[in-house]
Amino acid sequence: MKHMNWHTATSEEAVKSIGSSPGGLSSQEAQSRLDKHGHNKLSSQDTSNPWRLLLEQFKNVLILILLAATVLSGLLGHGVEAVAIAVIVFFAVLLGFLQEYRAEKALQALGELAAPTARVIRDGAEVDVPASELVPGDVCLLATGDRVPADARLMQAVNLRIEESSLTGESVPSEKDASFSAPEDASLGDRSNMVFSGTSVSYGRGKAVVVATGMQTELGKIAGMLQNIDSGKTPLQKNLDKVGTTLARAAIVIVLIIVGMGIFRGQPLLELFMFGIALAVAVVPEALPAVVTISLALGVQRMVKRHALMRRLPAVETLGSTTVICSDKTGTLTKNEMTVRRVMVCATRFDVEGTGYRPEGTITPEQPNTGLPATFQELLYAGVLCSDARLYEDEKGAWQISGDPTEGALLTLARKAALDIDEVRAGNTRIDEKPFSSETKRMITLNSKNGTSTASIKGAPEAVIPRCTSIKTDGGIVPLDDAARAKLLAQARDMAANALRVLALATRQNCTLAEAETDSVFLGMVGMIDPPRREAAAAVATCKEAGIIPVMITGDHPVTAQAIARELGILTDGTVVTGAQLHKMSDKELEQSLDSIQVYARVAPEHKLRIVSALQRQRHVVAMTGDGVNDAPALKKADIGVSMGITGTQVAQDASAMVITDDNFASIISAIEEGRGIYENIRKYVAYMLSLNIGELFLLAIAALLGMPLPLVTLQILYINFAVEGLPAMAMAVDPVGSLLMKKKPRDPGQGIFSKALLNIITVGALWSTMINFLLYRWQISLGAPLEHAQAVTFVSLIMIQFFKAYSFRSKDTFIFAENPFKNKWLNFSILIELALLVLLLYVPFLQNIFGTSRHTLTEWVYIFATAATVIPVLEVAKWLNRRFLPAQDH
């Protein structure tokens, strides 16, 4: 294999020089080249390097302060305290490391799931392989919407245009010509015989031999690794960073007050210094960013299991605020297994049996014993030639299609009529074509056989019939006038009224593509159905119950769209608007009609962008589905762009925030449910954490202001902060989604994490905790108990109250027993571990000396447990008051 200027060589020279052939490489040769050249990836820093993540933990200011406290304690002879703080620091660093390492690995796994694929010829057959496994010499097949996976020399180009703005800056797609040989000094934009990694196919199709992969591509020379996952801070993380900063400032003020009063009373400076550090560490939520990151990452992993791949973490937060879902019909609300049910040829109706792509089923004429006319055979020929799909039986015996489902239905019809598809295509060489587009709504191919060219046309009846000047009948070809065309269009509407998708087919011999567009012979129509997904109707019902408006947007006939939308429950008391009607509306008229429009039919891609913009101007949070290249602007504009993992083009997936891997509408609803759950879990943790920190701060501040000895010692504060707060917090990050979550209205995106209801229960929980713990402490002091024992009782009481709060905050908006309060097995497990550790601290002499704890009498345990449990009814009353007096948007 020798290097050359690929753009100056002919395609034959390039294939020979790279050591390949038009039939591609063998699997063995491809593996050998992969070992030699490496994977087709741009190099990037491994962000999940364990040592780097471990060292990152020591950049935390609080960890550094604690380490300084450890050294100072050791130098001053407080060895036991120094060791205890060091152990706490070790576990804090370990927990932070594990959280971040797991989050990085989760994001890395998502990046791999999002990796694109490429269609190549290996061992003489077309196969899909991960784009990362492409090697020089692979023969790659390109089609409209594909992302070009590597630099390649074109071998064939049919109306091929490549969007190269990311590489050349040109806003207009570049036309490609496989036969062109560029001069040696040609710029990238002038190399019309080449395609480059990172660009996309905006039109046509092509075949090319790969000449460079990975860092050897033009993109690799000028750019770093393309990031599929946004690793920057999300809006939620930024919001919580502000919370942490505010708490830190409050803590500094209170610490200075307490330390100042301690100095005034003559307490030892070291004791005050250590206490100040402990209090600052206790109040500042240093674990909060890590918990948010791991919550998002784990939630995204759960979404993957439910067929939703999030490409950008901030989109997870937006999911819970979604108010409108604009969904395609085909393949998302339906199964995308088109089945021809009716054929109209020579004014005769033929009913077709069978479902799906299995070529089994009879074709029965409306009038018995009439047989299939010759025109029927011509219609089948036109359907086979004017399609790019492939019908095949897989290794499991299931019939599948590669390509467009509509074309698959036509091929299945042809097989049912005993037509040999491969023989027809082999005998009719395609010499030109005009691919289907949403704008023209038709496709034309030009095939040659024995010196005769035949144009085959298929498309929407309103896009084909007006351009036909004659019709094929049993008696031959007869002229077609306006009245006859109107009658044919009425037949198409009758078929569509039965929820059938209607295609008209026409033909013409010895003509150009342009001539076929204006003067063709009408052959007939086929009516097919794409059955709704079984789970779609239930998903639509869930969607409405959750306060989300489902809207259907489709390129299908309005009558077909109306029938499917009614069956699914999308269209109830609303209206259906066509693309033509939408085009005539002003922006103001559209905005005024949004509430009543439930179905948009026969829309072009540019209409989607207009619909999204209008909804957003009405303060809706919009999720928009799409799969084509032209959907990319609308996907990018939408608050949540949702692309399809199976039928979606790489360009659409790149523009989207979420990829639905099974192309199923129900998966979008599942993703919204998970998104809401993730956000709610973070709010639960924040409530749990702030209620503890504020309650702890108030307790210490009141004791200091009253001139009493402080109710907690330094190590007790540190233990509560790192142990009691840590494990339950992580458990809350994986709290199961509640059954009532999808019965609530969408969250206002401008509300932020702290609603009035949440602030109320945080405040009530903190104040009640402060009061109970302070009264217990005073009670112990009044009984004449030693100070150390009174502090130990307060320590245990604070921990027990926090455990009860954890279960109450799980159902922060509803009655604690509205659902099983012990549903979160990880929370149960973490609290059992915490209780076991607490028992060790209280009853193991060595640990008693370190943490200043002591054994408790049965009476003390009863008092502690009883008083701690009172936080449950108090919080339930607070929640009831929230439900009773606060509007829904304040929850």
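**Notebook: an open sheet and its surroundings**

I began with the sheet and noted an open arrangement of eight strands, in the order E8-E27-E26-E25-E9-E22-E24-E23, with mixed pairing. Strands E8 and E23 (575–578) stand at the edges with a single partner strand each, so one side of each is left without a neighbour in the sheet. Neighbouring strands of this sheet are turned by 20° against each other on average, with direction ignored. I record here that the model is a predicted one.

**Entry on one strand pair of the sheet**

I looked up strand E25 (residues 622–626) and strand E26 (residues 640–644), which pair in the parallel sense over four bridges. For Gly626, I found that the bridge partner in E26 is Ser643.

**Entry on helices that pack on the sheet**

I then asked which strands helix H19 lies across. H19 lies across E22, E23 and E24, and runs at about 140° to E24. Helix H25 (residues 665–705) also packs on the sheet, where it touches E8, strand E9 (324–327), E25, E26 and strand E27 (658–660). The direction of H25 makes about 155° with that of E9.

In strand E8 (residues 308–310) I located Met310. Is Met310 buried or exposed? Its relative accessible area is 1%, and because buried means under 20%, Met310 counts as buried. I also noted that Met310 and Ala671 are 361 residues apart in sequence, while their C-alpha atoms are 9.0 Å apart in space.

**Entry on helix H19**

Which residues of H19 (residues 558–568) are buried? I listed Thr560, Ala561, Ile564, Ala565 and Leu568. These residues cover an arc of only 125° around the axis, so they lie on the same side of H19. I next looked up what covers them: the elements include helix H16 (482–496), strand E20 (501–509), helix H18 (536–545), strand E22 (549–553) and strand E24 (597–601). Just after H19, I found Gly569 with a positive phi of about 90°.

**Entry on strand E20**

I followed E20 to its pairings. Six bridges join E20 to E17, and the two strands run antiparallel. Within this pairing I looked up Ser456, whose bridge partner in E20 is Thr507. E20 also pairs with strand E21 (residues 520–529), in the antiparallel sense and over seven bridges. Here Val502 stands opposite Gly527 in E21.

**Entry on two loops**

Where is Asn450 found? I located Asn450 in the loop between strand E16 (442–449) and strand E17 (452–459). The phi of Asn450 is near 55°, a positive value in a residue other than glycine. With a relative accessible area of 76%, Asn450 is exposed. I then turned to Asp123, in the loop between strand E1 (117–122) and strand E2 (125–130). Asp123 has a phi near 55°, again positive in a residue other than glycine.

**Entry on a helix pair**

Lastly, I looked up helix H28 (residues 756–782) and helix H32 (residues 858–869), which pack at an angle of about 160° with their axes 11 Å apart. Angles over 145 degrees count as roughly antiparallel, and H28 and H32 are therefore roughly antiparallel to each other. I noted that H28 passes H32 in a right-handed crossing. Which residues of the two helices meet? Ile772, Leu776, Trp779 and Gln780 in H28 meet Glu860, Tyr863, Ile864 and Thr867 in H32.

Technical notes. Residues are numbered from 1 along each chain as its sequence is written. This is a predicted model: local features need pLDDT of at least 70, side-chain atom pairs count only at pLDDT 80 or more; totals for chains, interfaces and linings use all residues. Side-chain values use heavy atoms; hydrogens and water are left out. Buried means under 20% relative accessible area, exposed over 50%, partly exposed in between (1.4 Å probe, protein chains only). The arc is that of the directions from the helix axis to the C-beta atoms. Contact means heavy atoms within 4.5 Å. Two strands pair if DSSP finds at least two bridges between them. Axes are lines fitted to C-alpha atoms, for helices over the stretch in contact, and angles run from 0 to 180 degrees between N-to-C directions. Angles under 35 degrees count as roughly parallel, over 145 as roughly antiparallel, 65 to 115 as roughly perpendicular and the rest as oblique. A crossing is left-handed if the near helix is turned anticlockwise from the far one by less than a right angle, and right-handed if clockwise.
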